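User: I'm new to this structure and would like a close look at one helix and what surrounds it. Could you walk me through that part?

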Amino acid sequence: MSSYRQPGTVLTDHVFAVPLDHGRPDGEQIEVFAREVVAADLAGEDLPWLLFLQGGPGFGSPRPEGRDSWLNRALDDYRVLLLDQRGTGRSTPATRKTLARLRSPGAQADYLTRFRADAIVLDAELIRRELTGGAPWSVLGQSYGGFCTVTYLSFAPYGLAEAFITGGLPGLSATADDVYRRTYPTVARKNEAHYERYPDDAEQARLVARYLADHEVRRPDGAPLPVQAFQALGNMLGQSPGSHALHYLLEDPFAGDDLSDAFLYATQARLSFAGGPLYALLHEAAYAQGSATRWSAQRIRAEFGAFDPGPALDGDACLLFTGEMIYPWMIEADPVLRPLREAAGLLAERDDWPPLYDPTRLAANEVPVAAAVYYDDMYVDRELSMRTAQAIRGLRTWVTSEYEHDGLRVSSGAVLDRLIGMNHGQT
C-alpha cells in the first residue's frame, strides 16, 4: 500500500486478493486494484466511503489528476475508492497474453465468464469488509457501473448505505436483442442530427466509404479497415463532444488520392480494443441471463436496412454510422482480440448465464437510490431505464436532456451534486 499527493488530494493504492470463482473461495486467486482518493484537508477525517464503478464493461477506473471532474464534488463529503474492476487496469488483466496460458478456447471462455457484474459485486463486498470494518458504503455507478450497482442492490444490498447511478439503469429482463432493437433507431437519429449539424460530412463520409470499398486498407496496427469498420466510428456520437470529433475526423481525411496517415492513426485510436479487450469480449454477455446472445448486434442489424452502406456507396444516400455494437468481424480483425476469437464465439453461444438482477428483492429495496437518466442516451435506452426505475422501490430519477451519456464526467460535478441532494432530501 503506497500513498502520494496530487494537487488538493491524497491518494493511496490498494491491492486485494479475491477468488477467481467466488463459489470456490479456496481456489485460484486474482488481484484487484483500487485507488483511494481523499481531499488533502480532510485526509485525517473519518469520512464515509464512496465506491466508484466505472462504465464499460472492461475499462479500468479513471486515473485522476487532483480534484478533476466529478471528484471535485465527491471529495467534499466522501473518501472515494476508484475500483479497477476485475480483469481491467491493474486488476489481474484478462488479455490475449494473459489468457494464452489456458489450454483451450473452452478454458478461456470459462475463465471469462467470471468477469461479469455478479463477480464484481462480490469483489466489492470483500473489499468493503476489509476497508470499512463491515460498515456499509455508498456507491456511484456510471453506465455499466450502474448495471453493476443494480446487481449490488439485488444480491448484497446490506453492503450499501446509498447508491447513485448515472446513465446506467439496465432493463431487468431485457435481452441483448431487446436492447439493440431499441438502440439502432436511436443511433439512426444521432446520425440524422450529426448530418443536420454538419451537412458537408455526408459527402465526406461517402468519399471515405467508397475509397475503402475500392481499396484494401489497413490500420497502422495491421487490422483491416473495411466500410463496416469505418461505420463503427459512430460509437462516439453518444458522447457530448462526439459529433464534433467525428466532424473533425471527416473534414480532411485524404492526403492526395489516398487516406492520410493522420486519418488512419486517428481511426485506429477510436477502433482498437487494446485499451479494453473485455469491452468487446463481454459486451453482449453483460445483457445475458439464461440465454445465448448469438452475436445479437450483428443479427438485429439486418432488421434495420438503413445501416446498409450500399445506397451511400452507389448513390447519394447518407452513410449511417453504427453505435455501441460489437460484431464478430471486430474480434477477427483486431490483433489484440484475434487470438481469442474462438473463445468469443463460445461465449456468444453460451446459454447458462446466471441472473444478474433480482426483481423481487429490488421491489422491496430499502437503500436510498438516485439515478440520472439521460433523455437522448444512445447507449442505455431511456424507456428500459424508466421501467427499471419503477421496479426498484424508492428509487428517484432525474430525467434530463441537458447532458449526453457522459454527463457525470463533463458536468464538473453538477450531476453528482444533484443526485446527492436527491438522496439527502435536498431536492
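Analyst: Let's start with helix α3, where Ala 117, Asp 118, Ala 119, Ile 120, Val 121, Asp 123, Ala 124, Glu 125, Ile 127, Arg 128 and Thr 132 are buried. Buried here means under 20% relative accessible area, with exposed being over 50% and partly exposed in between (1.4 Å probe, protein chains only). Helices (H or I, at least four residues) and strands (E, at least two) are DSSP runs, numbered from the N terminus.

A quick word on the source: this is a predicted model, where local features need pLDDT of at least 70, side-chain atom pairs count only at pLDDT 80 or more, and totals for chains, interfaces and linings use all residues. Residues are numbered from 1 along each chain as its sequence is written, and side-chain values use heavy atoms, with hydrogens and water left out.

Back to the helix. α3 covers residues 117-132, 16 residues in total, and spans 22 Å from its first C-alpha to its last, close to the 22 Å expected at 1.5 Å a residue (the expected span is 1.5 Å times one less than the number of residues). Just after α3, Gly 133 has a positive phi of about 70°.

So what covers those buried residues? The cover includes the strands β2 (9-19), β3 (29-39), β4 (49-53), β5 (79-83) and β6 (137-142), along with helix α4 (144-155). α3 lies across β2, β3, β4, β5 and β6, and runs at about 120° to β2. Such angles run from 0 to 180 degrees between N-to-C directions, and the axes are lines fitted to C-alpha atoms, for helices over the stretch in contact.

Those strands belong to an open sheet of 9 strands with mixed pairing, in the order β1-β2-β3-β5-β4-β6-β7-β10-β11. Two strands count as paired if DSSP finds at least two bridges between them. At the edges stand β1 (2-6) and β11 (396-400), each with a single partner strand, so one side of each has no neighbour in the sheet. The twist averages 20° from one strand to the next.

Now for α4, which lies across β4, β6, β7 (160-166) and β10 (369-374) and runs at about 140° to β6. Thr 151 is found in α4, and it counts as buried because its relative accessibility is 0%. Leaving aside neighbours within four places in sequence, Thr 151 is in contact (heavy atoms within 4.5 Å) with Ala 117, Asp 118, Val 121, Ala 156, Leu 356 and Tyr 357. The side chain of Thr 151 also reaches the backbone oxygen of Leu 356 at 3.1 Å.

Definitions and conventions
A polar contact is a pair of N or O atoms within 3.5 Å; within protein, one must be able to donate a hydrogen and the other to accept it, and residues adjacent in sequence count only if both atoms are side-chain atoms.
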